[in-house]
Amino acid sequence: SGFSSYTLRLFKKFRMYDSSIISVDTSEEWLSKASNFCIENHVDGDNFITWEQFKNKENKFDLIFLDIDYTKNRPKYYNLVFENFSTKGTFILCDDMHKKDLSLPLNKYLENKKKLKKHDVKEYTLDKFKRFSILVEVI
């Protein structure tokens, strides 16, 4: 999402952490708005790319914030993200888990995956709108 892209870049700026942050979405318009928001708020506005440009890359990440596309479409990305872009030690923060059409498919996907460990982080991510995330660790 746009705000998570900003937040991660802000962390990088103040921590001077040597990292690469890539924001991926299906909407070029949304990516442009998010990039502009970052630039207007004095953080890096680079590396905003579409899913089509990104999906065949061979990147592995330490942290993935999974908040891509519209809610109804997001479960179709679960397998691709977990299988193609993570490795042992990767953490995937899955957003909007208050929505059953996201949490139920995620739980079903994780059911028999021995190398994926789900962490309940609701108490840390719950907001006033009752939204929360689930953290998955690749072990």
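Colleague: Where is Asn47 found?

Modeller: Asn47 sits in the loop between H2 and strand S2 (48-50). Helices are DSSP runs of H or I with at least four residues, strands are runs of E with at least two, and both are numbered from the N terminus. This is a predicted model, so residues are numbered from 1 along each chain as its sequence is written, local features need pLDDT of at least 70, and side-chain atom pairs count only at pLDDT 80 or more. Totals for chains, interfaces and linings use all residues, and side-chain values use heavy atoms, with hydrogens and water left out.

Colleague: What is the phi of Asn47?

Modeller: Positive, about 65 degrees, although Asn47 is not a glycine. Most residues other than glycine have a negative phi.

Colleague: Where does Lys72 lie?

Modeller: Lys72 is in the loop between strand S3 (63-66) and helix H4 (78-84). Lys72 is exposed, at 68% relative accessible area. Its C-alpha atom is separated by 19 Å from that of Phe129, 57 residues apart along the chain.

Colleague: Switching to charges. How many salt bridges does the structure hold?

Modeller: Five. The criterion is a side-chain nitrogen of Lys or Arg within 4 Å of a carboxyl oxygen of Asp or Glu.

Colleague: What does Lys33 form a salt bridge with?

Modeller: Glu29, with the closest N and O atoms 3.5 Å apart. Lys33 and Glu29 are separated by about one helical turn, because they are four residues apart in helix H2 (residues 28-40). Glu29 is exposed, at 55% relative accessibility.

Colleague: Which residue meets Glu52 in a salt bridge?

Modeller: Lys55, at 3.1 Å, N to O. Glu52 counts as exposed at 55%, and Lys55 as partly exposed at 29%.

Colleague: What about Asp127, which side chain does it meet?

Modeller: Arg131, in a salt bridge of 2.7 Å, N to O. Asp127 is partly exposed at 24%. Arg131 is partly exposed at 36%.

Colleague: Which residues are linked in a network?

Modeller: Asp67, Arg74 and Asp96, through salt bridges.

Colleague: Now the sheet. What order do the strands have?

Modeller: S3-S4-S6-S5, an open sheet of four strands with mixed pairing. Two strands pair if DSSP finds at least two bridges between them. S3 and strand S5 (116-120) stand at the edges with a single partner strand each, so one side of each has no neighbour in the sheet. The twist averages 20 degrees from one strand to the next. Axes are lines fitted to C-alpha atoms, for helices over the stretch in contact, and angles run from 0 to 180 degrees between N-to-C directions.

Colleague: How many bridges join S5 to S6?

Modeller: Five, and S5 runs antiparallel to strand S6 (residues 134-138). Leu116 has Val138 as its bridge partner in S6. His119 has Leu135.

Colleague: How do S4 and S6 pair?

Modeller: Antiparallel, over four bridges, with S4 covering residues 91-94. Ile92 has Val136 as its bridge partner in S6.

Colleague: Why is S6 described as largely enclosed?

Modeller: Because five of the five residues of S6 are buried. Ile134, Val136 and Val138 point one way from S6, while Leu135 and Glu137 point the other way.

Colleague: Last topic. How much space lies in the largest pocket?

Modeller: About 770 Å³. Points come from a 1 Å grid over the protein atoms alone, and a pocket is an open set with protein on both sides within 12 Å along at least five of seven lines. Grid points are joined across faces, edges and corners, and the volume is the space filled by probe spheres set on them.

Colleague: How many residues line the pocket?

Modeller: The largest pocket is lined by 33 residues, with Leu8, Ile22, Leu63, Ile64 and Phe65 nearest its centre. Lining residues have an atom within 4 Å of a point. H1 gives the most, with six residues.

Technical notes. Buried < 20%, exposed > 50% of the residue type's maximum accessible area, 1.4 Å probe, protein only. 1 Å grid on protein atoms, 1.4 Å probe; cavity = no way out; pocket = protein on both sides within 12 Å on 5 of 7 lines; lining within 4 Å.
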